[in-house]
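Colleague: I have the sequence and the model open and would like to go through them with you. Could we begin with a single residue and work outwards?

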Amino acid sequence: MNKAEIGRYVVERRQTLEISQTRLAALCGVSVHTLSNLETGNGNVTIDILLKVADVLGLKVRIGV
């Protein structure tokens, strides 16, 4: 899964849960700009941030080869 696909998945889950981008950013302790970068597949979001977002959205991150 590439960055854009991860971002689309995050957006889908966030919208399903009816959480605004601003609210999710606050719950994760990140800026709206950082969350926006994750959702659009831009920038270099750290694994720590991805794990925080996944946790708040009730998702698991699986890394495999």
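Colleague: Is threonine 22 buried or exposed?

Modeller: Threonine 22 counts as exposed, because its relative accessibility is 53%. Here exposed means over 50% relative accessible area, buried means under 20%, and partly exposed lies in between (1.4 Å probe, protein chains only). Please note that this is a predicted model, in which local features need pLDDT of at least 70 and side-chain atom pairs count only at pLDDT 80 or more, while totals for chains, interfaces and linings use all residues. Residues are numbered from 1 along each chain as its sequence is written, and side-chain values use heavy atoms, with hydrogens and water left out.

Colleague: Which helix holds threonine 22?

Modeller: Threonine 22 belongs to helix H2. Helices are DSSP runs of H or I with at least four residues, strands are runs of E with at least two, and both are numbered from the N terminus.

Colleague: And which residues of H2 are buried?

Modeller: Leu24, Ala25 and Cys28 are buried in H2. They lie on the same side of H2, because the arc they cover around the axis is only 100°; the arc is taken from the directions from the helix axis to the C-beta atoms. Thr22 and Ala26 are exposed on the other side of H2. The cover over the buried residues of H2 includes H1, H3 and H4.

Colleague: What follows H2?

Modeller: Glycine 29 follows H2, and its phi is positive, near 75°.

Colleague: Which residue has a positive phi although it is not a glycine?

Modeller: Glutamate 18 does, with a phi of about 55°. Glutamate 18 sits in the loop between H1 and H2 and is exposed, at a relative accessible area of 72%.

Colleague: Then which residues of H4 are buried?

Modeller: Ile49, Leu50, Val53, Ala54 and Leu57 are buried in H4. These buried residues line one face of the helix, because they fall within an arc of 135° seen down the axis of H4. On the other side of H4, Asp48 and Asp55 are exposed. H1, H2 and H3 are among what covers the buried residues of H4, and just after H4 comes glycine 58, with a positive phi of about 75°.

Colleague: What does leucine 50 touch?

Modeller: Apart from residues up to four places away in sequence, leucine 50 touches Ile6, Leu38, Val45 and Val61. Contact means heavy atoms within 4.5 Å.

Colleague: Are glutamate 39 and arginine 14 buried or exposed?

Modeller: Both glutamate 39 and arginine 14 are buried; for arginine 14 the relative accessibility is 11%. Leaving aside neighbours within four places in sequence, arginine 14 is in contact with Ile19, Ser20, Gln21, Leu24, Glu39 and Leu57.

Colleague: Finally, which residues make the nonpolar surface patch?

Modeller: Ile47, Leu51, Val61 and Ile63 make a patch of about 360 Å². Patch residues have over 30% relative accessible area and no salt bridge; like charges are joined within 9 Å and nonpolar side chains (Val, Leu, Ile, Met, Phe, Trp, Tyr) within 5 Å. Areas come from the Shrake-Rupley method with a 1.4 Å probe, and for residues only the protein chains shown count as cover. Isoleucine 47 is found in helix H4 and is partly exposed, with a relative accessible area of 42%.

Definitions and conventions. Salt bridge = Lys/Arg side-chain N within 4 Å of Asp/Glu carboxyl O.
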